[in-house]
Amino acid sequence: MGRRRRRLERQAGAGAEALPEAIAALSRTLPTRPNPETFRRAKFDLPEAAPALWRLLFHVLLREDDGTAVPYPEAQVRLVKSALRAHGYPRPALTQLPEDGSQGSRELLLALSWLLAGGSLLGRLLTRTHVLTGDQMPMCECEDLAHATACLDLPAPCKDTSNGLDMRYVQWLMGKLRFRWLNLICGHQEQCALLSKIHQYTQGCHSNQSLGHLSAAETELLRDPEAGQQLLWRLERENGRLEAALEWRRLEPIFWQWMDTVLGACPQCPSDTGPQPTFQAAISDRGHEELELVTRELQALWQELQLAAEARRTAWEAQVQIQGLELSTPQVLVSEAMVERQLATLRQAWEQWGALPHGPHRLVRCESRALPGGGLWGTEAIKALRSKAACLEAELHWLQGQCQQELAGLAGALPEVVWIPPHGH
Amino acid sequence: MSILTVQLGQCGNQIGFEVFDALFSDSYCSPGLCSKKENEAYQASCKERFFSEEGNGDLVARAVLVDMEPKVINQTLLKASQAGRWKYSQHACFCQKQGSGNNWAYGYSVHGPRHEESIMNLIQKEVEKCDSLSGFSIIMSMAGGTGSGLGTFITQKLQDQFPKSLKMNQVVWPYGTGEVVVQNYNSILTLSHLYRSSDALLVHDNDAIHKICEKRMNIRQISFSDINQVLAHQLGSMFQPTYSAEGSFHYRRSPLGDLMEILVPHPEFKMLGVRSIPQMSESSLAYSTFTWAGLLKHLRQMLISNAKMEEGINWHVRPPVSGLPTLGKTPCNKELHFNTSIANLVILRGKDVQSADLGGFKDPALYTSWLAPADAFNAWKTQRAFNKYEKSATLVSNSQFLVKPLDLIVGKAWNMFASKAYIHQYTKFGIEEEDFLDSFSLLEQVISSYCNL
């Protein structure tokens with residue numbers, strides 16, 4: 001960490017005049033391409049820079065480039081605040097900013113740099129806008145998932161809940177979700193069927209012998225030459241972004257030094273005893289990030305284990321007290337065998353999880369028996385996904401069981417109320 | 001995405017034919033004002049949903065025909081082949097020599113298990129012909145034996161075998177003065193079982209359609225074929241293509257899925273009804289013009305006063321003043337004047353459709369208190385006219401409209417059940433008194449849920 005900091009300082013001294021270039025490179029990499037001047041204004045906390053930064057953060061944190069409508073500025077502000085909270089952003093000053101999005105440009109700049117300092121943000125943004133020509137098949141999406149769950153915790157639309165929420169509305173929404181889910185599955189199956197047809201009909205058309213057939217995007221190019229222009233334009237835009245990203249990597253240290261001065265210009269907030277935002281800049285390489293992820297998981301697991309052990313122990317003690325010392329050896333043997341079996345299942349599941357292939361793969365129909373380097377057979381992928389689905393399902397059942405127990409507990413507390421299970425689904 | 005139709009029993013097969021014929025003739029009639037390109041997109045969309053294409057270009061209905069007697073299926077196949085415009089697949093029929101004798105239990109407990117494998121195989125084969133299957137439309141009567149009993153059984157099996165596909169049952173409500181003595185038993189058994197296994201029950205009322213034929217279509221001697229054509233018109237106007245979004249000119253991909261998501265997400269409220277206007281004979285159609293404002297005003301009043309057609313609408317019914325408790329919340333035994341909705345879908349087809357003002361359907365007073373109009377109301381549109389009507393509007397509604405007729409049927413069935421009339425006809429085939437009691441309690445629950453909106 002210290003070493004990196006020293007390196008940054010050394011490089012920064014060499015090219016202080018390159019700051020505008022660094023900021024320009026950054027802005028060309030980011031989704032809304034903010035005016036570089038916005039950053040300078042934000043350093044002095046000028047209000048005119050705020051709307052552009054709110055918008056930028058909204059796009060960076062929440063919006064896929066899918067052409068869906070952008071919510072109102074107020075909603076954007078709320079969404080950004082809650083997404084940052086979900087990411088664990090430590091500065092309380094941000095949450096106190098007014099919701100009309102008119103102020104706080106410096107705080108927003110700090111938040112943006114905090115996200116950048118995390119290391120994976122730019123990479124993720126570039127992946128999001130990556131132009132695909134092959135048919136992708138996502139395998140393990142654990143990183144995406146971690147990102148998505150962080151974003152899921154969005155604020156509920158401002159609804160007056162003082163009168164209490166009608167249970168039927170919740171059931172209605174659940175049903176809607178179910179239908180959307182079915183629709184999605186159906187759409188996905190259709191896509192697979194059509195892809196398979198394209199791959200079959202275009203067998204032998206591809207100039208690349210190892211691929212053999214065209215992808216959907218390539219077929220579309222043949223069908224509609226206009227689409228070729230579009231693709232060229234998108235590729236050029238992506239190239240521009242990638243070049244800007246390279247430039248940014250080179251000039252990044254200058255930006256961080258400047259950010260130190262921004263932070264210096266910030267009035268110290270006495271209650272803010274958390275880590276300095278620049279601290280995060282050190283943890284940018286992948287190893288650290290993964291380590292952190294694993295540590296967090298481990299901690300969660302440990303806590304869970306502690307809780308479970310505690311519960312078991314009390315239950316056991318209660319049982320022993322009732323039964324006295326009548327426990328016979330066969331009973332002990334049986335329970336030991338059961339525990340061992342459970343442990344073996346868990347171990348096996350864990351190993352399978354670990355062995356899952358990562359990252360997206362290009363989907364290729366292959367007649368030959370040979371597997372290209374780094375490739376993966378569809379059957380293997382399906383098997384891996386199946387076992388993952390089974391694991392998740394088991395977890396879901398467990399959680400449902402917990403909820404049911406909780407509900408039963410609640411129901412027991414209200415003896416005068418009759419509980420009738422709903423019919424239907 | 002495709003919809004597979006399962007036609008069951010006499011009623012299901014006769015209606016099924018008319019539905020496919022209506023879909024075909026609408027798709028391939030003269031396009032009117034819409035452009036050639038748009039018309040082709042419309043045809044392609046309809047074809048993908050309801051027809052598959054054979055090598056020689058013939059259109060084959062995506063349908064499976066099931067009946068326990070050969071007569072109706074043979075007639076249906078003959079009608080389709082004589083018209084020569086589209087056909088049924090030769091291998092998609094299943095029939096036997098002996099019917100169910102209007103006994104639900106016989107269809108459900110005897111025919112069902114006995115022929116399960118053959119029928120499900122047929123369905124499986126048709127499913128495999130679709131690039132993507134959105135779901136099933138199961139057409140059956142509610143009160144007979146084969147359609148209702150076997151239809152219920154098949155719906156359950158579809159739920160087991162295709163849990164991820166949607167199921168909408170087109171249920172034909174019997175005449176109030178029906179000639180089958182046990183029709184109320186059959187009805188409650190059908191409805192209660194379907195409530196468990198189907199996603200939506202679209203109810204078609206024979207009495208109401210009969211009146212439409214008489215008053216609106218000016219038909220003197222009304223045959224089943226006339227009634228089924230009106231019904232097919234309503235279904236066609238529901239399922240023919242519409243734009244996927246406001247301002248878009250792409251057609252909706254998954255009409256069945258979208259419709260269910262809009263109207264029946266709540267598992268306790270699955271009853272749908274459909275109303276179409278205008279409906280009139282072809283001869284009077286030539287001398288009539290319509291405005292969107294006029295059509296929608298009528299349709300809205302039909303909704304809130306629970307009128308089945310545009311004649312004899314009670315214009316005195318008004319939505320309750322907001323802020324006061326709605327009339328819908330009064331107990332069921334009082335007469336329901338105002339028909340409270342859970343969710344509505346209006347489908348507009350024809351000229352200047354973008355100019356139609358749907359504000360009248362977005363009044364919160366029309367809906368239950370726990371759903372805002374933004375959740376409860378949707379509109380689908382297309383500029384392409386439907387079936388020779390320059391402008392037409394269809395309303396698919398999940399509302400209290402069935403509370404009264406359902407209550408009536410349950411009441412009649414209960415009176416018979418209390419005196420144990422005809423029960424042995426059912427216990428003989430394994431439908432016990434306990435099953436009846438379950439059905440009664442489930443339907444009572446449905447009635448009370450709809451009453452307390």
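This is a predicted model: local features need pLDDT of at least 70, side-chain atom pairs count only at pLDDT 80 or more; totals for chains, interfaces and linings use all residues.

Q: OK, polar contacts. Which side chains does Gln170(B) pair with that way?
A: A polar contact of 3.0 Å joins its side chain to that of His204(B), and another of 3.2 Å joins it to that of Ser137(B).

Q: Where does Gln170(B) sit, and is it buried or exposed?
A: Gln170(B) is in strand β7 of chain B, residues 166–173 (helices, H or I with at least four residues, and strands, E with at least two, are DSSP runs numbered from the N terminus). Gln170(B) is buried, at 2% relative accessible area. Buried means under 20%, exposed over 50%, and partly exposed in between, using a 1.4 Å probe and protein chains only.

Q: What else does Gln170(B) touch?
A: Setting aside residues up to four places away in sequence, Gln170(B) touches several others, including Ile138(B), Met140(B), Leu202(B) and Phe239(B). Contact here means heavy atoms within 4.5 Å.

Q: Switching topic: how many residues of each chain are in contact?
A: On the chain B side 36 residues are in contact with 22 residues of chain A.

Q: And how much area is buried there?
A: About 2600 Å², with carbon and sulfur atoms giving 59% of it. In chain B, Asp131(B), Glu261(B) and Trp370(B) lose the most area to chain A, together 25% of what that side buries. Buried area is the accessible area (1.4 Å probe) that two parts lose on being put together, summed over both.

Q: How many salt bridges are there between the chains?
A: Four between chain B and chain A. A salt bridge is a side-chain nitrogen of Lys or Arg within 4 Å of a carboxyl oxygen of Asp or Glu.

Q: Which residue does Arg180(A) pair with?
A: Arg180(A) forms a salt bridge with Glu261(B), and the closest N and O atoms are 2.6 Å apart. Arg180(A) lies in helix α10 (residues 167–201) of chain A and Glu261(B) in helix α9 of chain B, so the pair joins two chains. Glu261(B) counts as buried, at 10% relative accessibility.

Q: What about Lys197(A)?
A: Lys197(A) has a salt bridge with Asp131(B), the closest N and O atoms being 3.0 Å apart. There's a network of salt bridges as well, linking Glu190(A), Glu48(B) and Arg253(B).

Q: How many residue pairs are in polar contact between the chains, and which elements of chain B are involved in touching chain A?
A: Nine residue pairs are in polar contact, both residues at pLDDT 80 or more. The chain B elements that give two or more residues to the side touching chain A are β6 (133–141), α9 (255–263), β10 (341–350) and α15 (433–451). The largest share of that side, six residues, comes from α9(B).

Q: How many helices and strands does chain A have?
A: Chain A has 15 helices and two strands. Of its 425 residues, 29% count as buried.

Q: Last one: what kind of peptide bond joins Ile277(B) and Pro278(B)?
A: A cis one, with omega about -10°. Pro278(B) is in the loop between β9 (271–277) and α10 (282–285) of chain B. Most peptide bonds are trans.

How values were computed:
Residues are numbered from 1 along each chain as its sequence is written. Chains are lettered from A and ligands numbered from 1 in the order in which they are written. Side-chain values use heavy atoms; hydrogens and water are left out. A polar contact is a pair of N or O atoms within 3.5 Å; within protein, one must be able to donate a hydrogen and the other to accept it, and residues adjacent in sequence count only if both atoms are side-chain atoms.
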